[in-house]
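Dear colleague,

Please find the structure below for your review. My notes on its contents follow directly after it.

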Amino acid sequence: MSLHAHASLPLSEKPAPISISFGAALVAIAALTSSCAPRERMCAVDDPCSPGLACVTGRCVPPKGAVRLFEVDDAGAPVVKRRVYAASDVAWVGGASADLPPGALPETVGFGARGGGTLLLRFEGVVPPSDLVEAYVVLRRAQGTDAPAAPVLLEARRIEEPWDSRTLVASRAPRLGDVLTPTTRALPVSGDVVRIDVREIVAALGKKRVNDHGIGIVAEVRDGTPLYVALVPARGAQKGPELEIYAR
């Protein structure tokens, strides 16, 4: 965050001083601090957690959290169940879609490139479980493409306006709302599966917010070499975007 300097005003033109209570000042400072809070980051085998934490399904958790995820019942069956939803609607705004007609979906897109785009996803029939453990958007690297030269940082956003991939154009892209979800660092040597944390977004679906219209995925920096992901399954060897939920 930066503060812009302003030219000095003559004494007669300077605004009157503003009085503010000490309590109100503390509230303002707290709000400013929370808005600047750093995001967590997802972890991986090649991008481990700090000492004392374990990397479980992409999240750095204390040992007790890891035990909870792998808990089993008396019969030895997992208590935490995994559910997977295929995306019911997919759109890519900007970047590779610039020269495509409305409704056309590129097979492969690149995150992190200059002028890159935004991935819009909708998942139908998702009911947030009462005990949600984790939730991820799962993307897969496009086969036969080069790896990025540096880490690509991916984040999830809440889509806050209606959209339809059949008629969507960049000039009428839906508004995205920021959600303080952990950042995924896709490294050059990472595996083919990329997970982006969307637990907070999925949990909010149970509140029936009027401005929940799906999940947007963006790259934090758009001036590097891209991370290529597949949006359209290719010859059955790849899957399109999915939502992966872990719940008790």
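Is Tyr 246 buried or exposed? Tyr 246 has a relative accessible area of 14% and is therefore buried; buried means under 20% relative accessible area, exposed over 50%, and partly exposed in between, with a 1.4 Å probe and protein chains only.

Please note that this is a predicted model, in which local features need pLDDT of at least 70 and side-chain atom pairs count only at pLDDT 80 or more, while totals for chains, interfaces and linings use all residues. Residues are numbered from 1 along each chain as its sequence is written, and side-chain values use heavy atoms, with hydrogens and water left out.

Aromatic pairs

A search of the whole structure gives two aromatic pairs. Rings of Phe, Tyr and Trp (its six-membered ring) pair if their centres lie within 6.5 Å; planes under 30 degrees apart count as stacked, over 60 as edge-to-face, and the rest as tilted. The ring centres of Trp 92 and Phe 111 are 5.0 Å apart and the planes stand at 85 degrees, so this pair is edge-to-face. Because Trp 92 belongs to strand 4 (residues 89-93) and Phe 111 to strand 5 (residues 108-111), the pair ties together parts that are 19 residues apart in sequence. Strands are DSSP runs (E, at least two residues), numbered from the N terminus. Trp 92 is buried at 6% relative accessibility, and Phe 111 is buried at 1%.

Tyr 136 and Tyr 246 form an edge-to-face pair, at 6.3 Å centre to centre and with 80 degrees between the planes. Since Tyr 136 lies in strand 7 and Tyr 246 in strand 14 (residues 242-247), this pair ties together parts that are 110 residues apart in sequence. Tyr 136 is buried, at 0% relative accessibility.

Four strands form an open sheet in the order 3-14-7-11, with antiparallel pairing; two strands pair if DSSP finds at least two bridges between them. Strand 3 (81-86) and strand 11 (193-197) are the edge strands, each pairing on one side only. Strand 7 (residues 132-140) is joined to strand 11 by five bridges, and Arg 140 stands opposite Val 193 in strand 11.

Nonpolar cores

A nonpolar core is a set of buried Ala, Val, Leu, Ile, Met, Phe, Trp, Tyr and Cys residues joined through side-chain atoms within 4.5 Å. The largest has 32 residues, of which Phe 111, Leu 119, Val 137, Ile 217 and Ile 245 touch the most other members. Strand 7 supplies the largest share of this core, four residues. A second, separate core of six residues includes Ala 91, Val 93, Leu 120 and Trp 163.

Kind regards
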